[in-house]
Amino acid sequence: MIELEALNKSFGAKDSAVRAVDHVSLQVNEGDIYGIVGYSGAGKSTLVRCINLLELPDSGTIRVAGFGAVSFENGRAFFQNDSGAREALTEKRLKLLRRDMGMIFQHFNLLDRSTVFDNIAYPLKHSGMGKAQIRARVLELLELVDLREKINAYPSELSGGQKQRVAIARALANNPRILLSDEATSALDPDATESILHLLKELNRKLNLTIVLITHEMAVVKAICSKVAVMENGRVVEQGEVYKVFSEPQATITRKFVDSSSGLGRINKLIDEHANVISGGGTLIRLTYNKDCVGDALISEVSRRYGVNMNILLGSLEILQGSPLGGLIVLVEGEMDARREAIRYLCEKNVIVEVIEHG
Amino acid sequence: MAEWLASIMPNVVDYSGKFWSSCLATGQMFLIAGGFTLVFGSIFGVLLTVTKKGGIMENALVYGLVNTLTNVFRSIPFVILLIFLIPLTRMIVGTAIGVKGAIVPLVFGAVPFFTRQVEAALANVAPGKVEAAAAMGSGKVGIIFRVYLHEAVPDLIRAVTITAISLIGLTTMAGAVGAGGIGSFAINYGQNLHHQDIVNVCVLVLLVFVSLIQGLGNSLARRTTNRSLFRRKAETK
């Protein structure tokens, strides 16, 4: 659906330029809810703006299924359609591309002086539609986001969640196949966040809408994304299926994100603060269970078999994309050899074991 | 009534013909110069907004030109501007005196002021709204009219109000150098002939006029904040 190839974007003067997007390649398939996570300043906002060309990349190629490819060389933009003819990217072509992609924002960006109706009708006006057609379409969209009764309200009369619903309706007005979401839930309270995420998931299913969603909250990724890319300093450091990334995070930053969302990261804080978690000796380990072994009673089995005490300090279990993923921080106490054997056994059972600290 | 008026402001009644024609002249200067100011100031204000760095039609040359001209004319005191522009005024309208002769310097005096006010009003429009419109495939003209000018209406009304009031001040100053109007009436018939009642009435007339403009501006700005002036209901059958 969307394919980014070797995108680069820098800001600032040549010698002091900041590489906001650094050689990023990724592929979003039709029907994906693709999450891009990273701390602020990681370049994810710039990256998502490169997709609908609100920011023009310095180099690289963007391919959108059914539209064609836009490539950038030396600050110039070229358009290439599916049959291969190459020409300079025109303003008209740019507008067509943008109308095929809706976008929603953290701060909604509704027109404060226009009613809900007029806000949603904004992209429909001057598009050759008649008044009656526009009204029918707006009503249909309001039905879709469940906000029919607010048709004549002004944004100042709506809650944050309602404003975002209006923004979603507006973004979908031209029947785009792609929705770009820039921190769309970051300014919302937990209830509104949940309802907006639920709505996005529903739209994804109902309309087969491909969603590219950037966020700094792993919880959002966990809730609705099927794939995720992790960004740091303009680069994509890790990408893949959400379950895979969560169960076997590779990059340090990914671990940090995963830990912060599961609560298991608190153990690092405890250790940093020199809380006496292993004062009595023992090995502090972290176990990650994936869907293949969550059901087994491994802790008590290991404890019995090797005669070690398994002291569970922290635990979490969550359902990701319909599959369970568990994590435990365990203090293993007993003879050194027995501890080693126990850990080896756990590894054999497909549990991912990490030794955090030896005591 | 007439007797009572004659008793409290005898000279105004004596010169009532001159008084009314002065009010009319001021009104003419105000409306004509105001109209030009509104048009040119809006255009220049929009130009500054869209051509500045990071604007939707970034253009350093146009921005630099408009910006410099605005600064130059804003920094010349109006009384000096009046005499400085006399040759130009003669060239454009054929005379440098009377209502006709006053229009040119008034426009030159008020446009830079209004331009800055418009620029400030448009700068208050959240950049995110502009970005959202661009993301929806809105063109540059669409963004100027449907986002910038549309969302800035309350601030623009305040800008018009402030500019209108300062323009009244300018017309009376122009009166001092031969433009006619209430300013010259107050000086030539009030001050020079020692008729204090004429000066008083001129002050009163200006006070009422300014208050009306300010009141109207405040009310309109309030009624257009976060809403359009008339709530249009999309019929929901």
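Author: Before we start, one definition: a crossing of two helices is right-handed if the near helix is turned clockwise from the far one by less than a right angle, and left-handed if anticlockwise. The model we are looking at is predicted.

Reader: Thanks! How do α6(B) and α7(B) cross, left-handed or right-handed?

Author: Helix α6 covers residues 86-93 of chain B and helix α7 covers residues 98-123 of chain B. With the definition above in mind, the crossing of α6(B) and α7(B) is right-handed.

Reader: How many residues of the contact of α6(B) with α7(B) are nonpolar?

Author: From α6(B) come B:L88, B:T89, B:I92 and B:V93, and they meet B:K100, B:G101, B:I103, B:V104 and B:P105 in α7(B). Among the residues of this contact, 1 is charged, 2 are polar, and the nonpolar ones number 6.

Reader: Now for chain A. Which are the edge strands of the open sheet?

Author: In chain A, 6 strands form an open sheet with mixed pairing, in the order β8-β9-β10-β3-β11-β12. An edge strand here pairs on one side only, and that applies to β8 (101-105) and β12 (235-241) of chain A.

Reader: In what sense do β11 and β12 of chain A pair?

Author: Strand β11 of chain A spans residues 227-232. One pair to look for is A:K227, which stands opposite A:E241 in β12(A). Over 6 bridges, the pairing of β11 with β12(A) is antiparallel.

Reader: Which strands does helix α9 of chain A touch?

Author: Helix α9 (residues 252-262) of chain A packs on the sheet, and its direction makes about 120° with that of β11(A). The strands touched by α9 are β3, β11 and β12 of chain A.

Reader: And what angle does helix α1 of chain A make with β10(A)?

Author: Helix α1 (residues 44-51) of chain A also packs on the sheet, touching β3 (33-37), β9 (178-182), β10 (210-215) and β11 of chain A. Its direction makes an angle with that of β10(A) of about 155°.

Reader: Stepping back, how much of chain A counts as buried?

Author: Chain A has 12 helices and 16 strands, and its C-alpha atoms fill a box of roughly 80 × 50 × 35 Å. A residue is buried if 20 or more other C-beta atoms lie within 10 Å of its own. Of the 359 residues of chain A, the buried share is 42%.

How values were computed. Residues are numbered from 1 along each chain as its sequence is written. Chains are lettered from A and ligands numbered from 1 in the order in which they are written. This is a predicted model: local features need pLDDT of at least 70, side-chain atom pairs count only at pLDDT 80 or more; totals for chains, interfaces and linings use all residues. Axes are lines fitted to C-alpha atoms, for helices over the stretch in contact, and angles run from 0 to 180 degrees between N-to-C directions. Helices (H or I, at least four residues) and strands (E, at least two) are DSSP runs, numbered from the N terminus. Two residues are in contact if their C-beta atoms, placed from the backbone, lie within 7 Å. Ala, Val, Leu, Ile, Met, Phe, Trp, Tyr, Cys and Pro count as nonpolar, Asp, Glu, Lys and Arg as charged, and the others, Gly among them, as polar. Two strands pair if DSSP finds at least two bridges between them. A residue is buried if 20 or more other C-beta atoms lie within 10 Å of its own, exposed if 12 or fewer, and partly exposed in between; C-beta atoms are placed from the backbone.
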